[in-house]
Every structure is written in C-alpha cells, then in structure tokens.
Amino acid sequence: MRTTSNPFFPLPSPAAALASTRAAAERGAPAEQYALGMSYMDGAGVAKDPAAAIAWWCKATAQDYHAAHLALGTAFQFGIGDKPDPAQSASWYRKAADLGLPVAQHAMGMLAMGQPGHTRDVDAAREWFRKASAQGYAPSQAFYGAMLMKEISPEWIELGLALVRKAVAQNDAQGQFILARCYEHGHGVARDDAKAAALYEHAALGGSKPAQQSIATMYERGQGVAANPVKAAKWRQIADKPVPGPR
C-alpha cells in the first residue's frame, strides 16, 4: 500500500530534525546525545568529526545509555578517527556488557577469543557467550553452541547443537556455517553433504568468509551439489575480497 506524508503535518526537513536532536542533546537527553554522536561519526548533516561523536557518546554514557557504551567500544576497537585502543575498547564494552546488553557481551567474548591487543581466555569467552546466548542473541548462540559441541558428552553435544539451530533459525551466518560443518562431518547429526552445501551457501550469502571458501570447494568437488567451476570461481573471488570495516 502506497503511503504519503500528511500535508497538514509535514515531516521535518533533515536540517530541522538535526536541529531538534541537537537541542534535546544539549538539554541532556541521552538518546539524542547518542544520535547526535552518530551524525558526527557518519557526517550526516554535519562535517564528519569522530572526536565530536566520541564527546557526545561520553555524555550519553554518563546516564548509562547502553548504545553509547557500545559505540565507544567499537570506536576504540577499530580506531575510528584514531588508532585502535584495546584497553579503552574493552572498558567500554565491559560497561555495556555489565548493563546486560547482549551485543556487548558477545563483543567481550570475541575479545577474549584473542582479538588483536587482547589476551586469549577461552573460559572467559565461553561465559560471555553463555550470557548473551541466554538472552537469545544469535551470534552468541552459534559460538557458545559450537563450544559445547566440542565436549565429549552426548548431552553437551545435543545442547550445543540445539543452540546452533536456534542461531540458524534467526538467519545467523555463523550458525549456518557451524551447522553446515556438522552435516559435512557427521558431528551430532547424520552426515548429509546436500544439507551442508545448502547451509554453506546461505552462510556465504550472509557474508561468512569461511562459508564462501567451503561452498567454493564443494562446487569444485561436486560435493553435495553438481560440480560447477564457474560458481566455484565466483565464490573464491568473493571470499578473497576484504571485509569492509565499520564506518
């Protein structure tokens, strides 16, 4: 159904919307402080200014605005506007994680897996993934499920597989890749190359680099799919392209 703006209540212009956001931010509204920071980070309606973005996000974090903690963690992790600062990144992610934000808990888990500038601590990563998984966060369900599936006990493998399937139900590429590997190798499920190939391709379309490599191999071998060197070459080419960094 086609929708149009109401002529009696026209939508504000981008400039007017930005002015309204700025006014509210200056009055101390944390959601608008966060939004204004995003405008400066993206250069939306204002000159791009990462330092100004960080300053506004810091104001929002003073009121425990979860998304601002997360934004600061990301900014310092990837060095947006400056060089990366692993300690600052972990500090801001930790604050958001302790406030219960599952995406921040997942970020803490990823840092603990040994990302650049961070010490590898698999037990800590597992606990962060568990916390985010308990809130239904699909990427953590995939990672925590995969960790559980490394256990010897059939009960743990079954529990891990159930979590991975929950991630897949949310169209999570990592979950699709993990489940595909389960079908390819018969881990926790009966081996099924056709199901493995289908899941690899879904995950590849979702941006998973390992899945792109795996589906290319399956097209090369004709494993679970009809051999297709053209598709294999296409997926190899896509897999070789670097992942775009955060804005």
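Contact means heavy atoms within 4.5 Å.

## Basis of the model

This is a predicted model, in which local features need pLDDT of at least 70 and side-chain atom pairs count only at pLDDT 80 or more, while totals for chains, interfaces and linings use all residues. Residues are numbered from 1 along each chain as its sequence is written, and side-chain values use heavy atoms, with hydrogens and water left out.

## Overall make-up

The protein has 13 helices and 0 strands; helices (H or I, at least four residues) and strands (E, at least two) are DSSP runs, numbered from the N terminus. About 60 × 45 × 35 Å is the span of the C-alpha trace along its principal axes.

Of the 247 residues, 40% count as buried, where buried means under 20% relative accessible area, exposed over 50%, and partly exposed in between (1.4 Å probe, protein chains only). Among contacts between residues at least 6 apart in sequence, 40% join residues at least 24 apart.

## Two nonpolar cores

A nonpolar core is a set of buried Ala, Val, Leu, Ile, Met, Phe, Trp, Tyr and Cys residues joined through side-chain atoms within 4.5 Å. The largest has 28 residues, of which Leu-179, Tyr-200 and Ile-215 touch the most other members. Two or more residues of this core come from each of helix 8, helix 9 (154-169), helix 10, helix 11 (193-205), helix 12 (209-221) and helix 13. Helix 10 gives the most, with 7 residues.

Another core, of 20 residues, lies apart from this one and includes Leu-18, Met-41, Ala-53 and Ile-80. In soluble globular proteins, nonpolar side chains tend to be buried together.

## Helix 12

Helix 12 has 13 residues and reaches 19 Å from its first C-alpha to its last, close to the 18 Å expected at 1.5 Å a residue; the expected span is 1.5 Å times one less than the number of residues. Its buried residues, among them Ala-211, Gln-212 and Met-218, pack against helix 10, helix 11 and helix 13.

Ser-214 is placed in helix 12 and counts as buried because its relative accessibility is 18%. Leaving aside neighbours within four places in sequence, Ser-214 is in contact with Phe-177 and Tyr-200. On the same terms, Ile-215 is in contact with Ala-197, Tyr-200, Glu-201, Ala-204 and Trp-235.

## Helix 2

Helix 2 (residues 30-42) also has its buried residues: Gln-33, Leu-36, Gly-37, Met-38, Ser-39, Tyr-40 and Met-41. What covers them includes helix 1 (14-26) and helix 3 (50-61). After helix 2 comes Gly-43, with a positive phi near 70°.

## The second largest pocket

A pocket is found on a 1 Å grid over the protein atoms alone, as an open set of points where a 1.4 Å probe fits, with protein on both sides within 12 Å along at least five of seven lines; lining residues have an atom within 4 Å of a point. The second largest pocket holds about 430 Å³ of space. It is lined by 17 residues, and the closest to its centre are Phe-143, Ala-146, Met-147, Lys-150 and Ile-178.

Helix 7 (122-134), helix 8 (138-148) and helix 10 (173-185) each supply at least two lining residues. Helix 10 gives the most to this lining, with 6 residues.

## After helix 13

Pro-242 lies in the segment after helix 13 (229-240). Pro-242 counts as exposed because its relative accessibility is 72%. Its C-alpha atom is separated by 35 Å from that of Asp-64, 178 residues apart along the chain.

Key
Points joined across faces, edges and corners; volume = space filled by probe spheres on them.
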